Amino acid sequence: MKRVLSFTLALALCLALFGCSGQESSSSSAVSSETGTSSQESQPESQVSSQASGLSSASSAVSEEPAPLGTAVVAALKGPTAMGMVKMMSDDAALDSPKYDFSIYASADEITPKLVQGELDIAAVPANLASVLYNNTEGQVQVLAINTLGVLYIVENGDTVQSVEDLKGKTIFASGKGSTPEYALNYMLSQNGIDPETDVTIEWKSEHSECVAALASTENAIAMLPQPFVTTAQTQNENLRVALDMTEEWEKLASANGGDATLITGVVVARKDFVKENPDLINLFLAGYEQSVAYTETDLEGAAALVGQYDIVPEAVALKALPECNITFIAGEEMKTKLSAYLQTLQEQNPKSIGGELPGDDFYYVG
């Protein structure tokens with residue numbers, strides 16, 4: 001029962017990167033983002049218990065119904081992680097024998113049960129959630145690469161915020177409570193001498209669209225939004241301005257504190273059993289993913305067209321948003337160094353945000 005309650009608390013804190021929970025979607029029909037709130041808080045205890053034990057017995061489940069040799073079931077989140085995969089998805093779909101079965105999901109809490117029950121082999125998830133899964137499945141999850149750095153921005157319908165200090169006494173609309181958005185905002189505020197509990201009012205919304213609506217309807221409104229939703233909001237309201245880049249603010253604080261922790265939004269993980277059984281396919285996936293990410297940087301128009309084709313965001317929005325989405329590919333020892341530093345920062349702020357303790361070295365797949 002302690003294990004069940006522990007996992008319940010951890011999921012309630014962490015299963016929300018960046019849209020409320022929705023139905024599973026194909027790669028052409030996902031409808032939310034990777035920075036939304038989680039529905040795990042309302043799940044029955046029996047359902048959470050089942051999810052917690054799923055990966056511990058994944059090897060037996062997979063042995064009964066193994067995936068076809070040479071294929072992997074892959075999940076991305078609607079937003080930057082899926083945007084970084086579009087070239088890979090398109091190229092693989094054109095093959096006579098595709099190597100991957102891609103799906104795009106609305107939120108992380110749709111992916112988690114499928115991952116722990118062995119229905120998914122590889123998945124893009126929030127960085128802190130990867131650590132929670134590792135800690136609550138006895139190390140049955142490995143992180144393969146960092147795929148998204150900071151995508152959060154403070155935006156306002158006005159011109160009152162020029163620095164973090166200007167947020168004191170203000171109301172901030174935000175979504176993503178219990179995951180990276182909340183931890184990043186609290187860290188930025190507290191490290192600048194602002195108490196998140198008493199010096200500001202944070203109104204947590206269930207969806208980014210609610211924040212966008214609040215910006216449009218409230219005079220001098222301030223919100224924390226991720227890309228590509230910042231760009232979406234700006235296309236609807238020409239008076240909306242980016243006041244603060246939270247990645248820049250995070251890195252300023254890290255430098256001032258003698259560290260170099262980078263704000264990390266998302267990572268790609270895999271079931272450890274699958275990694276062991278399919279090392280060649282894992283390396284092929286990583287090579288393809290790296291090339292796909294590079295494509296989003298070198299051919300913006302082509303990438304934007306594919307993003308629109310896969311119904312992630314409209315092509316016109318993608319063309320403007322892609323350069324601001326901080327899509328990246330960082331693997332191996334560099335991934336381990338950056339991710340461990342980020343998780344250390346989260347642990348110091350709230351140990352539950354990473355599942356109680358830092359993951360072991362086997363958490364990091366370094367090839």
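**Helix 7 and its partner**

Author: Helix 7 and helix 10 are oblique to each other. In this predicted model, the axes of helix 7, residues 180-191, and helix 10, residues 246-256, cross at roughly 50 degrees and come within 10 Å. The crossing of helix 7 past helix 10 is left-handed.

The residues that form this contact can be named on both sides. Helix 7 contributes Ala184, Leu185, Tyr187, Met188 and Gln191, which meet Met246, Glu249, Trp250, Leu253 and Ala254 of helix 10. Sorted by class, the contact of helix 7 with helix 10 comprises eight nonpolar residues, one polar residue and one charged residue.

Residues three or four places apart point the same way, because an α-helix has 3.6 residues a turn.

Helix 7 is also mostly covered, with ten of its twelve residues buried. Among the buried residues are Thr180, Pro181, Glu182 and Tyr183, and Ala184, Leu185, Tyr187 and Met188 are buried as well.

The length of helix 7 agrees with expectation: at 1.5 Å a residue, its twelve residues should span 16 Å, and the end C-alpha atoms are 16 Å apart. Just after helix 7, Gly193 adopts a positive phi of about 80 degrees.

Conventions: Residues are numbered from 1 along each chain as its sequence is written. This is a predicted model: local features need pLDDT of at least 70, side-chain atom pairs count only at pLDDT 80 or more; totals for chains, interfaces and linings use all residues. Side-chain values use heavy atoms; hydrogens and water are left out. Axes are lines fitted to C-alpha atoms, for helices over the stretch in contact, and angles run from 0 to 180 degrees between N-to-C directions. Helices (H or I, at least four residues) and strands (E, at least two) are DSSP runs, numbered from the N terminus. Angles under 35 degrees count as roughly parallel, over 145 as roughly antiparallel, 65 to 115 as roughly perpendicular and the rest as oblique. A crossing is left-handed if the near helix is turned anticlockwise from the far one by less than a right angle, and right-handed if clockwise. Contact means heavy atoms within 4.5 Å. Ala, Val, Leu, Ile, Met, Phe, Trp, Tyr, Cys and Pro count as nonpolar, Asp, Glu, Lys and Arg as charged, and the others, Gly among them, as polar. The expected span of a helix is 1.5 Å times one less than its number of residues. Buried means under 20% relative accessible area, exposed over 50%, partly exposed in between (1.4 Å probe, protein chains only).
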